[in-house]
Structure formats: C-alpha cells, structure tokens
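Here's a quick walk through one protein chain, from its overall build down to a few single residues. Have the viewer open as you read.

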Amino acid sequence: MSSVLVTGGAGFIGCNFVHFLVSEGHDVAVLDKLTYAGNMKSLEGVKNKINFTKGDIANRSDAEKSMKGCDIVVNFAAETHVDRSIEDPEPFIRTNVFGTYMLLEAARKNNTEKFIHISTDEVYGSSDSGFFKESDPLSPGNPYSATKAAAEHLALSYANTYGIDAVVTRSSNNYGPYQNPEKLIPKMITNAMKNRPLPVYGKGTNIRDWLFVEDNCSAILKVIQNGKSGEVYNIGGGNEKKNTDVVKTILRILQKPETLIHFVPDRPGHDFRYALDIAKIKKLGWKPKHSFEQGLKKTIEWYANNTWFWQ
Ligand SMILES: NC(=O)c1ccc[n+]([C@@H]2O[C@H](COP(=O)([O-])OP(=O)(O)OC[C@H]3O[C@@H](n4cnc5c(N)ncnc54)[C@H](O)[C@@H]3O)[C@@H](O)[C@H]2O)c1
C-alpha cells in the first residue's frame, strides 16, 4: 500500500492504527496537535519507523505540509469527549469541522488518492430499538456529535463536488489499549484496580455497542482497500451492553466487589442507545474477531501491564 498520513495518530484509536499499519509494513506519517488527549509515549515502540509532525489540522500550512508525499489520509484527529463538548463546544467546532475542511482542501491541492474520514455512530442520535443503516437520517444529540456530522457531510460533499475519493466510517464505541482514562472502560478498570468508586451515569441503563479497537483498525484497512468513494460504512462490534453490565464484567474479571459501583447524576441530553447495522461492511469481507469478554480481558491485561500510561 502507498504512504499513509494518520491525523490524530497520538490519540487512542489513531495510535492503535499507526501500530497496526507499521506491523503490516506500511509507510506512515502522523500529524497530531498533542492536546491533552494525545500522548507521544503511545508511539514509543514505533517512533523510529514513522514520520511524526506536531501540528494542527485546522492550520492550513500544517495540513498542506504533512500531506506532501502521502497518497492516503486517515483523519482521526478530533476533539472527542462529549462532556467537554457540553462545557465548551468551540474547540470541537474548530478542530472537528474547520480542521476537516482544511484537510480536505489540502487533499484537493495534493491530489490525494484517498481520504478516509473517521466518524461515529453518535451522528445517528439515540434509538430505543432497531439498528441504524448508513442511509438513515442523522440526528446528532450533543455538540460533539453535531460537529462530527458536519465534518462527514463536508467530506462527502468534497467527493461529490470535487471528485475527491472520500469515504466515511462510522464506528461504535471503541475500547482497548491506549485509551484515555477519562473514558468509560479505562476509567472503570483503573478505578477498580485502585479500589476507588466506579462512577456510573444515571441508572447505568444506557446501551452502547462495544468494538475492540484492533477490530476497528482491520475494518478501516478494509475500507481503504475496498471502500467506494462517496460511501459510508458502519463498523460495529455486535456487543450491545448496558453500562452497568460493562462495569460488572470488569469487576468480575478483576475479582472486585460490586459495592464499588457508585451512581452519579446523568449527563444532560445523554443518548440512551446506539446500535449499528454492519451488513454493508461485511460485504467488503470484514467482521469483528473479538467477543466483548475477549477484548475486555486483553484491555484489562494491557492496563495492568502499562501503569505508566495512566498513573
Ligand atoms: N473512541 C471511540 O469510541 C470512537 C468511536 C467512534 C468514532 N471515534 C472517532 O475516532 C477518532 C479518534 O477517536 P479517539 O477516541 O482516538 O480520540 P482521542 O481523543 O483519544 O484522540 C484524538 C487525537 O487527536 C489529536 N488532535 C486533537 N485536535 C487536533 C488538531 N486540531 N490537530 C491535530 N491533532 C489533533 C489529539 O492530540 C489526539 O491525539 C475521532 O475522530 C472520533 O470522533 C471514536
């Protein structure tokens, strides 16, 4: 495969994708602003094999310079924490919307072969039943998902208007190594390891579909290889779980008591359930390999062996 620019490659999914591409022998460049969510140490094992630039996707010159010599762009860079977007949407609009626009412009100038834009299942909004298909209308319910919806519309509009080969992936909630401990699964694992209370929003009945990050990486590679320009692909793990069930499974694996669970007031506008129909990406020859229990065991083992990351 040609040379790949991974934006946001020092973040959770981005760094897993960089490790994955390097292990498969690909040429990789990374552009990352190193916000609170980016961590150079996550790239320690591959730092001599990649070309890293500290920079901002919302800065035209950073976007243009880092894209030179790359044939494929995978845009993971984003502000991603819903709670932060509720407190202050501005950085989300700047990075997620304006930053995506800057990258698309740079891709247009650079004649980039393929632009893979990483979006989220949150753009569909919440649904009590059924599974979202790629053709369903979007109904984002918080500032984070609204900026993600805007960004993917822009990417698809560039495919339609300027003929850029742009593809969007919408994945469900990822979990696995290198995830910031402010997110649900690592927060619960690390709190449980320290015998601290596990804060669960509301009654813990909200439902998410959990996707092990390695499965997402293999799906994105499949989309690079076989995805069609202008198309959207859902990527789900087929593991729908209530938050309380996620937390109880973590406590069971770590052999900790359920009395550590501590219910806290719900997040405003908290979407109840996301669920994806993944028939379309299955037709490209991909399906998730990890059950929730398998992925969670690997994740817990990683946090136990890598306390430098979170302590
Ligand atoms: N984590 C999930 O469960 C999930 C699910 C679906 C979709 N996504 C999407 O996947 C992508 C990656 O998510 P993540 O969880 O790895 O995020 P993350 O917050 O862990 O990492 C984001 C990375 O982007 C970098 N970044 C932020 N602003 C930047 C800017 N202006 N210029 C350059 N770099 C910048 C940060 O430094 C960080 O390294 C995001 O686009 C997110 O919307 C995530």
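This is a predicted model: local features need pLDDT of at least 70, side-chain atom pairs count only at pLDDT 80 or more; totals for chains, interfaces and linings use all residues.

## Ground rules

Residues are numbered from 1 along each chain as its sequence is written.

## The chain as a whole

Of the 311 residues, 48% are buried. Here buried means 20 or more other C-beta atoms within 10 Å of the residue's own, exposed means 12 or fewer, and partly exposed is in between, with C-beta atoms placed from the backbone. Take the contacts between residues at least 6 apart in sequence: 79% of them join residues at least 24 apart. A contact means that two C-beta atoms, placed from the backbone, lie within 7 Å.

## Helix pairs

Two packed helices are described by the angle between their axes and the distance between the axes. The axes are lines fitted to C-alpha atoms, for helices over the stretch in contact, and angles run from 0 to 180 degrees between N-to-C directions. Start with α6 (residues 184-193) and α10 (residues 292-305), which pack at about 55° with their axes 10 Å apart. That makes α6 oblique to α10; angles under 35 degrees count as roughly parallel, over 145 as roughly antiparallel, 65 to 115 as roughly perpendicular and the rest as oblique. α6 passes α10 in a right-handed crossing, the label for a near helix turned clockwise from the far one by less than a right angle, with anticlockwise giving left-handed. On the α6 side, Ile185, Pro186, Ile189 and Thr190 meet Thr299, Ile300 and Tyr303 of α10. By class, this contact has five nonpolar, two polar and no charged residues. (Ala, Val, Leu, Ile, Met, Phe, Trp, Tyr, Cys and Pro count as nonpolar, Asp, Glu, Lys and Arg as charged, and the others, Gly among them, as polar.)

Next, the axes of α2 (residues 60-67) and α4 (residues 90-110) come within 9 Å and cross at roughly 45°. That makes α2 oblique to α4, and their crossing is right-handed. Arg60, Ala63, Glu64 and Met67 of α2 meet Met102, Leu103, Ala106, Ala107, Lys109 and Asn110 of α4. These residues divide into six nonpolar, one polar and three charged.

## Two buried residues

Phe12 lies in helix α1 (residues 12-23). Is Phe12 buried or exposed? Phe12 is buried, because 24 other C-beta atoms lie within 10 Å. Leaving aside neighbours within four places in sequence, Phe12 contacts Asn174, Tyr178, Gln179 and Asn180.

Over in helix α5 (residues 143-162) sits Ala151, which is buried with 28 other C-beta atoms within 10 Å. Not counting residues up to four places away in sequence, Ala151 touches Asn96, Val97, Thr100 and His117. Ala151 and Ile93 are 58 residues apart along the chain, and their C-alpha atoms are separated by 9.3 Å.

## Two positive phi values

Most residues other than glycine have a negative phi, and most peptide bonds are trans. Asn195 has a positive phi, near 60°. Asn195 is in the loop between α6 and β8 (198-201), and is exposed, with 9 other C-beta atoms within 10 Å.

Gln255 also has a positive phi, near 55°. You'll find Gln255 in the loop between α8 (243-254) and β12 (261-264). With 7 C-beta neighbours inside 10 Å, Gln255 counts as exposed.

Methods:
Helices (H or I, at least four residues) and strands (E, at least two) are DSSP runs, numbered from the N terminus.
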